[in-house]
Amino acid sequence: ISPEEQLSIDRKMMLAAKIYDAMKAKGWTQTIFAREMGKHPSEISKWLSGTHTFTSDTLWAIGDKLGVDLLPVKAVQKIVDVKFVPIVISAPPAEYE
């Protein structure tokens with residue numbers, strides 16, 4: 001297989017291992033995890049096989065349920081240049097002076 005294919009396989013295996021470790025850290029079996037995720041245990045088995053291709057939404061849902069970051073996304077900071085412009089309000093002379 002190509003180096004790119006091997007890298008993809010390695011990443012999927014590492015992701016499956018991270019999910020498995022987080023699941024075990026919570027004391028969850030595949031059956032409990034399936035129930036918590038609203039999935040069939042067979043789907044969890046596929047996830048843990050290291051061959052499943054996840055969507056980002058699924059990974060975020062899994063991470064939220066397990067309390068781990070599976071898709072660490074760095075926060076984007078937008079630098080805003082704020083300029084203060086003086087506002088002069090002209091008013092007619094007061095009648096009550």
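How many residues does α1 have, and how far does α1 reach from its first C-alpha to its last? Helix α1 has 23 residues and reaches 32 Å between these atoms, close to the 33 Å expected at 1.5 Å a residue; the expected span is 1.5 Å times one less than the number of residues in the helix. The structure is a predicted model, in which local features need pLDDT of at least 70 and side-chain atom pairs count only at pLDDT 80 or more, while totals for chains, interfaces and linings use all residues. Residues are numbered from 1 along each chain as its sequence is written, and side-chain values use heavy atoms, with hydrogens and water left out.

The protein has 4 helices and 0 strands, and its pattern along the sequence is α-α-α-α. Helices (H or I, at least four residues) and strands (E, at least two) are DSSP runs, numbered from the N terminus. Of the 97 residues in the protein, 20% are buried; buried means under 20% relative accessible area, exposed over 50%, and partly exposed in between, with a 1.4 Å probe and protein chains only. The accessible surface comes to about 8000 Å², and carbon and sulfur atoms account for 57% of this surface. Accessible areas come from the Shrake-Rupley method with a 1.4 Å probe, and for residues only the protein chains shown count as cover. Among contacts (heavy atoms within 4.5 Å) between residues at least 6 apart in sequence, 54% join residues at least 24 apart.

The largest nonpolar core contains 16 residues, and I19, F33, W47, F54, I62 and L66 have the most contacts inside it. A nonpolar core is a set of buried Ala, Val, Leu, Ile, Met, Phe, Trp, Tyr and Cys residues joined through side-chain atoms within 4.5 Å. Two or more residues of this core come from each of α1 (3–25), α2 (30–37), α3 (41–49) and α4 (56–66). Helix α1 gives the most, with 4 residues.

In α1, the buried residues are L15, A16, I19, A22 and M23, and their cover includes α2, α3 and α4. Just after this helix, G27 takes a positive phi of about 80°. In the segment before α1 lies I1, which counts as exposed at 72% relative accessibility. Residues up to four places away in sequence aside, I1 touches Q6 and I9.

In α2, F33, A34 and M37 are buried. Seen down the axis of α2, these residues fall within an arc of 100°, so they line one face of the helix; the arc is that of the directions from the helix axis to the C-beta atoms. The buried residues of α2 pack against α1, α3 and α4. Leaving out residues up to four places away in sequence, F33 touches I19, M23, W28, I44, W47, I62 and L66. Just after α2, G38 takes a positive phi of about 70°.

A search of the whole structure finds 3 aromatic pairs, where rings of Phe, Tyr and Trp (its six-membered ring) pair if their centres lie within 6.5 Å. One aromatic cluster is formed by W28, F33, W47 and F54. W60 is found in helix α4 and is partly exposed, with a relative accessible area of 40%. The C-alpha atoms of W60 and L70 are separated by 6.9 Å, with the two residues 10 apart along the chain.

Conventions. Rings of Phe, Tyr and Trp (its six-membered ring) pair if their centres lie within 6.5 Å; planes under 30 degrees apart count as stacked, over 60 as edge-to-face and the rest as tilted.
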